[in-house]
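User: I would like to go through some labels assigned to a model and see what each one rests on. Please set each value against its cut-off.

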Amino acid sequence: MRAKNIVISWKGGGAQSARAVSSALPRVKSTQTGTAINVDSDHSPARRGSNLKSYLVWHGVRAKAQSLSDFPSTVGAKLMEYTEMTDPDLLATGANTYNRMRQLILGGVATYVLEHSSIYVLMAH
């Protein structure tokens, strides 16, 4: 798959996010654009997307950073809205896991993305 635009969802320093970035990096290097997005929530301040952009630029990627607010929807819904608007070829994201009861009751970003994505998704845990 030769991608033109890859979006990387960045939670800001988590092991899963770092694995997603390192797994996607060879593909991102061959794209026209790499977009580092951060959905600003209580757990992940907006400035972290620019840190990833700097990392991608250092690796020779034409990158941009985008910060989104999760209000009024969830992080997963906001990611899917963004990918519908920008039509990337691939979404790279980390996949956190929680205990089964919390996951069953609250769901999670990874579950939401897998259930609602219409594009290729690279997830790393």
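User: What makes the pair formed by the side chain of Thr83 and the backbone oxygen of Met80 a polar contact?

Analyst: In this predicted model, a polar atom of the Thr83 side chain lies 3.0 Å from the backbone oxygen of Met80. The cut-off for a pair of N or O atoms is 3.5 Å, and 3.0 Å is within 3.5 Å, so the pair counts as a polar contact.

User: Why is Thr83 called buried?

Analyst: Its relative accessible area is 7%. Buried means under 20%, so Thr83 is buried. Thr83 sits in helix H3, residues 75-86. Leaving aside neighbours within four places in sequence, Thr83 has contacts with Pro88 and Ile119.

User: How do you know that Asp87 is exposed?

Analyst: The relative accessibility of Asp87 is 59%. Exposed means over 50%, so Asp87 counts as exposed. Asp87 belongs to the loop between H3 and strand S4.

User: Why is Thr93 called buried, and which residues is Thr93 in contact with beyond its neighbours within four places in sequence?

Analyst: Thr93 has a relative accessible area of 4%. The cut-off is under 20%, so Thr93 is buried. Thr93 is part of strand S4, residues 90-94. With those sequence neighbours left aside, Thr93 is in contact with Ser9, Ala20, Val121, Leu122, Met123 and Ala124.

Definitions and conventions. Residues numbered from 1 in each chain as written. Predicted model: local features only at pLDDT ≥ 70, side-chain atom pairs only at ≥ 80, totals over all residues. Heavy atoms only, no water. Helix = DSSP H or I, 4+ residues; strand = E, 2+ residues; numbered from the N terminus. Buried < 20%, exposed > 50% of the residue type's maximum accessible area, 1.4 Å probe, protein only. Polar contact = N/O pair within 3.5 Å; in protein donor to acceptor, adjacent residues only side chain to side chain. Contact = heavy atoms within 4.5 Å.
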